[in-house]
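These entries record what I looked up in the structure shown below.

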Amino acid sequence: MYKLLALASVVGLLGAGAAMADKGVDPFRHGVPQARVPGVALLKLRDFRAQELVAGRQRVAAAAALKELAQRSDVVIELIRPTALGWAFVEIRDGAAPEVIPDEARTLALIERLAADPAVAAAAQDTWMRALRTPNDPGFDQMWHLTSIGAPAAWDRTTGISTQRVGIVDTGLVRAHEDVGTRAVAGYDFVSSTSSSTDGNGRDADYNDTGDDCGGGSSYHGTHVAGTIGARADNSTGIPGLNWNAGLVIGRALGACGGDIVDIGDAAMWMAGGNISGVTAIGANKVSVMNLSLGSDAGCSSYEQDMVDFVNQQGTIFVAAAGNSSGPVGSPANCNGSIAVAAHGPQNSLTSYSSFGSEVAIVAPGGDFSSGEQGGVLSSIGPTSSGYAFNQGTSMASPHVAGAVSLMQALDATLTRAEIVSLLQANGEACSGCGSKVAMKLDATLAAIGGGTTPPPPPPPPPTTGDDDLEENDAYDDAKGGVACGDDLDLMALPTDQDWFLVQTGAGATIDITISASNGADLDLYVLDGPTSQDVIAASESATGNEAVQVTGTGSPLHVLVVPYVDTQSGTEHTGPYAITVTCVGGEPPPADPTDPPSDPTDPTDPPSDPSDPPVGPDPDAIEDQLEDNDTAADAAEMYCDEERALTLKDDDYFTVTVRDHDDLVALIDADELELTVEIMDMNGEVIAEGDSENLASASDLAAGSYVVGVHPTSEFGSYRLQTRCKALEFNPLVEAGCSSSGGVAPMAGALGLLALLARRRRR
């Protein structure tokens with residue numbers, strides 16, 4: 001490694017005594033710097049050239065000047081060698097820990113400290129550079145999907161490392177394929193049924209993709225997925241995959257028309273390190289991330305949840321396709337701990353086929369044939385050694401994310417699942433039709449890993465106890481009123497505790513919101529454009545406890561969020577008292593009563609409210625909720641299965657819930673003293689279930705489709721919580737035969753024709 005050679009040159013130049021002490025923890029990741037070489041710098045002294053540090057009449061004075069600089073800045077400095085143009089190449093250490101090589105972020109902080117000294121004319125980092133990588137694979141020009149996520153710039157950071165292992169649970173791999181066949185380092189055929197195996201011999205060590213004929217030809221689905229993740233790159237052949245170096249581990253678990261969850265579960269658990277009877281242990285080829293471009297429209301079963309939990313417990317990232325039903329996210333993507341991936345097309349818009357819901361973590365390129373054949377995702381297929389085809393589906397989106405995760409792990413193998421999801425979401429870009437979800441940007445995500453420039457966090461603030469009067473307000477749906485124009489309130493931030501507020505605004509008003517932590521705790525401030533959206537419209541995230549934002553009022557309430565920063569590396573939790581101030585200038589005044597629009601003085605039927613009237617309902621701060629206006633069945637607001645919302649009722653509220661075939665639907669109300677009724681109707685308006693004395697309505701064994709939940713007040717208005725629960729009856733959706741017509745394959749010249757195959761557990 002370059003660093004070791006540099007240290008050797010120090011010893012040769014200055015003598016053995018000049019070498020640094022014990023180097024401590026290795027600051028390199030996989031032996032390679034990310035943005036700058038740790039522990040070294042380039043210095044140009046104001047009064048001496050670097051060459052005068054080793055020769056000439058000024059040698060003693062120059063050495064003394066360097067020593068004085070080190071003492072003033074509390075930085076240990078050792079000369080490596082003079083360089084051209086008067087620069088000195090030096091080793092630097094923090095005076096508080098001279099035996100430890102500083103990491104890249106700390107190195108930059110030390111360089112900035114030296115640059116501020118008057119004896120230094122200039123200071124620079126030893127920047128680590130890479131060859132700029134654009135692969136010469138002929139198909140790359142047609143791979144809009146790699147360009148859209150910023151893959152070329154991402155490859156400038158890393159193309160993966162050979163010690164990595166990426167798992168693929170699918171139809172296997174065409175082992176003779178020119179571009180992907182040799183990328184596998186391990187694999188096994190888990191298809192246990194000889195009738196569906198397509199190779200006719202059940203489980204064995206041959207994971208070759210023999211096709212998945214379901215009455216219309218074979219898609220070689222697993223080979224297509226494998227090409228996106230790890231096709232050989234820069235080899236003047238075919239296409240490049242996302243990770244150019246990692247070894248692929250193949251779990252063949254889908255055969256003719258799909259596969260069952262037992263085979264799929266065994267494959268996933270085996271490649272994560274589990275012991276499967278009759279199968280040689282994965283050993284050193286245990287994977288760090290796996291992709292499952294498959295699924296059913298059912299909910300996550302207890303077996304599937306156990307499988308996903310096991311994979312996560314082994315430290316393996318579980319990535320799954322959301323589904324192609326245009327409805328709710330299917331299993332196993334809807335299991336807790338799965339990174340569920342929806343699909344967008346070439347225009348960064350959610351595709352019409354993509355399943356979608358709150359479980360989706362990220363949206364990635366899945367292709368869209370509505371914009372033409374080349375609007376699909378290009379990758380490898382069989383049965384020939386040189387087959388390539390365009391395809392569409394969340395099956396194509398999911399491997400983009402699995403490949404991205406593998407490149408993230410190449411930069412930092414210690415990243416947790418939560419950190420990976422956070423990085424993907426924080427560095428994504430807008431996706432049309434995706435609500436608050438974002439489209440993946442790989443280049444920005446990798447740029448956020450390593451080589452950071454933020455100095456170490458300040459010491460943790462003194463511990464605090466207690467909380468403020470506006471608790472509990474820890475979630476979007478629990479945001480509290482009580483913060484208004486002109487207010488200056490003293491509040492409290494506790495560890496990992498979010499504070500949500502509702503601020504009523506007047507249309508056109510300029511609204512300044514500030515927070516100030518009296519103990520210097522690091523707090524962040526955000527404004528979201530409620531009540532119908534959760535998009536952040538303003539943010540202030542400095543490393544201090546003083547934040548300020550300015551927004552323009554819309555006449556509707558804004559959600560304001562205060563978040564205490566938690567440093568995940570040091571464990572520092574920022575807490576303590578803070579003040580929030582709201583100042584409003586110009587525009588219309590906000591409504592006097594947030595639960596009622598301003599009165600119209602010209603309307604005799606709309607008398608002004610009496611400000612002396614006491615508020616009504618159990619929650620004096622209640623205002624109409626974010627799902628308004630949903631006052632008729634035709635205007636019903638959408639809710640997902642197994643969702644819970646805090647709501648406010650002062651008129652009829654209607655909600656639509658989409659269920660699968662044979663599902664039960666339960667609507668449960670928690671309303672304290674609020675009197676109301678609840679019912680479930682079909683889309684024709686026929687009541688099929690009415691609430692009981694416990695405010696619970698339940699309908700069983702429903703046909704697939706949408707149903708309406710109606711909630712009606714029978715007294716004064718107030719707050720309530722609505723929970724929807726969808727429970728499938730006991731049946732096995734995985735043995736159902738047949739293929740879906742969604743998705744398809746449109747080959748390049750010389751490849752296969754259109755393939756329209758979808759096994760029941762496949763996302764295409």
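Does tryptophan 155 count as buried or exposed? I worked from a predicted model throughout. Tryptophan 155 has a relative accessibility of 2%. The cut-off for buried is under 20%, so tryptophan 155 counts as buried.

Entry on aromatic pairs. I found five aromatic pairs in the structure. In one of them, the ring centres of tryptophan 155 and tryptophan 244 are 5.0 Å apart; the planes stand at 55°, so I recorded this pair as tilted. Tryptophan 155 belongs to helix 5 (residues 151-157), whereas tryptophan 244 lies in the loop between helix 6 (221-230) and strand 7 (247-252). The pair thus links distant parts of the chain, 89 residues apart. I also checked tryptophan 244, which counts as buried at 10% relative accessibility.

I next looked up tyrosine 188 and tryptophan 270. Their ring centres are 6.5 Å apart and their planes are at 55°, so this pair is tilted. Because tyrosine 188 is in strand 6 (residues 184-189) and tryptophan 270 in helix 7 (residues 261-271), the pair ties together parts 82 residues apart in sequence. I noted both tyrosine 188 and tryptophan 270 as buried.

Entry on other ring contacts. Phe140, Trp155 and Trp244 form a cluster linked by ring pairs. I also noted that arginine 175 places its charged end over the ring of tyrosine 207, at 4.0 Å from the ring centre.

Entry on the whole chain. I counted 11 helices and 31 strands. The chain has 764 residues, of which 52% count as buried.

Technical notes:
Residues are numbered from 1 along each chain as its sequence is written. This is a predicted model: local features need pLDDT of at least 70, side-chain atom pairs count only at pLDDT 80 or more; totals for chains, interfaces and linings use all residues. Side-chain values use heavy atoms; hydrogens and water are left out. Helices (H or I, at least four residues) and strands (E, at least two) are DSSP runs, numbered from the N terminus. Buried means under 20% relative accessible area, exposed over 50%, partly exposed in between (1.4 Å probe, protein chains only). Rings of Phe, Tyr and Trp (its six-membered ring) pair if their centres lie within 6.5 Å; planes under 30 degrees apart count as stacked, over 60 as edge-to-face and the rest as tilted. A charge sits over a ring if NZ of Lys or CZ of Arg is within 6 Å of the ring centre and within 35 degrees of the ring normal.
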